Amino acid sequence: MEQLKLEALKQIEETKDLQSLESIRIAFLSKKGSITELMKQLKDMNPDERKTFGESVNVLKQTIEEALTLKKTQLENDALLETFKNEKVDIHLDEISLPKGYRHPLIQVIRDVEDFFIGKGFSIAEGPELETDHFNFEMMNLAKGHPARAMQDSFYVDPERLLRTHTSPVQARSMLEANGSDLAIICPGKVYRRDDDDPTHSHQFMQIEGLYVSDDLNFSHLKGILLDMAKHIFGPDRKIRLRPSYFPFTEPSVEVDVSFMKADGTPIWIEVLGAGMVHPNVLTMANYDASVKRGFAFGIGVERIAILKYFIDDIRQFYINDKRFLDQFKGVI
Ligand code: DAH
């Protein structure tokens with residue numbers, strides 16, 4: 001029995017796989033196995049012998065069973081570890097790549113104009129889009145009932161407040177803040193008018209207001225800076241043309257055209273902004289001494305610049321968010 005035990009334990013110990021372990025179990029413990037054969041000897045023994053012999057065989061059987069179970073668990077664990085080693089699980093998430101953004105063409109135009117004026121020492125001012133009648137009109141020399149108000153059909157929310165019809169009220173707000181000192185600002189922003197939308201009209205559009213208040217300013221300063229600006233935006237061989245016009249907040253007032261070449265080579269003039277010397281009433285209302293201070297001002301139509309710069313045929317394109325349209329401006333600025 002002792003020999004049988006050593007033999008069985010040795011075989012179990014040396015086994016490297018589950019299949020041969022099973023053969024060992026069959027060899028020792030199955031119906032025809034060596035242990036079962038031993039049991040068969042019991043029938044020829046007397047009762048005392050049978051008892052001790054029987055117990056010993058049982059102990060031997062248990063020992064072998066335990067060794068088999070232990071080895072089986074060990075082999076199964078080894079097999080599992082081996083599988084883990086071979087099956088590499090990639091725990092990384094897929095790379096998340098977001099498409100790179102770019103600026104809306106109107107913002108690109110505004111940034112370009114801002115760059116130009118910041119280089120000339122101007123700063124950027126802002127005002128509210130929901131504006132008072134007082135700042136939108138009265139402070140700009142358009143008293144209640146002034147006929148020129150009719151040029152700017154407006155969205156009123158109550159009798160005293162409206163969506164601003166132009167960025168000019170930022171002039172008045174900034175002048176009051178400056179409290180009599182010199183001022184050089186530009187104010188980009190959205191403006192609103194009651195208009196039916198079509199290829200050349202939009203009820204919402206953008207302007208860039210400009211204002212310079214100082215001593216000894218005259219019309220040639222205005223003309224010089226506007227010519228420089230046109231060259232900065234459209235290229236060095238642009239010319240500008242000034243036509244007399246009327247705005248209640250400037251005197252004299254002009255409309256400014258920039259030279260263009262049509263596709264067939266014909267030169268034309270296209271209007272891009274209004275400008276003028278700030279009206280003494282506007283300076284006085286904003287607490288400047290109009291006998292000493294002078295100012296020039298201008299209001300640029302942002303869509304007009306973008307339309308001319310990028311050859312766009314419908315102003316509504318800027319507002320309908322068609323990605324095919326907008327994608328054309330990727331990386332322009
Ligand atoms: N506010 C005018 C408009 O919306 C544009 C304008 C013209 C602004 C002349 C100015 C200016 O500052 O001097 O039509």
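## Basis of the model

The model is predicted: local features need pLDDT of at least 70, side-chain atom pairs count only at pLDDT 80 or more, and totals for chains, interfaces and linings use all residues. Residues are numbered from 1 along each chain as its sequence is written, and side-chain values use heavy atoms, with hydrogens and water left out.

## Overall form

The chain has eleven helices and ten strands. These are DSSP runs, numbered from the N terminus: helices are H or I with at least four residues, strands are E with at least two. The radius of gyration of the chain is 46 Å, well over the 20 Å that the globule rule gives for 333 residues, so the chain is more spread out than a compact globule. That radius is taken over C-alpha atoms, and the rule is 2.2 Å times the number of residues to the power 0.38.

Along the principal axes, the C-alpha atoms fill a box of roughly 140 × 50 × 40 Å. Of the 333 residues, 41% are buried. Buried means under 20% relative accessible area, exposed over 50%, and partly exposed in between (1.4 Å probe, protein chains only). Contact means heavy atoms within 4.5 Å. Among contacts between residues at least 6 apart in sequence, 65% join residues at least 24 apart.

## Asp257

Asp257 sits in strand S8, residues 250-261. The residue is buried, with a relative accessible area of 2%. Its side chain makes a polar contact of 2.8 Å with the side chain of Arg243. A polar contact is a pair of N or O atoms within 3.5 Å; within protein, one must be able to donate a hydrogen and the other to accept it, and residues adjacent in sequence count only if both atoms are side-chain atoms.

Leaving out residues up to four places away in sequence, Asp257 touches Lys239, Ile240, Arg241, Arg243, Trp269, Ile270 and Glu271.

## Leu38

Leu38 belongs to helix H3, residues 34-40. Leu38 counts as buried, at 13% relative accessibility. Beyond its neighbours within four places in sequence, Leu38 contacts Met1, Leu4, Phe53, Val57 and Leu60. Met1 is 37 residues from Leu38 in sequence; C-alpha to C-alpha, the two are 8.7 Å apart in space.

## Asn136

Asn136 is in helix H6, residues 133-136. Its relative accessibility is 0%, so Asn136 counts as buried. Not counting residues up to four places away in sequence, Asn136 touches Glu131, Leu162, Arg164, Thr165, His166 and Pro169.
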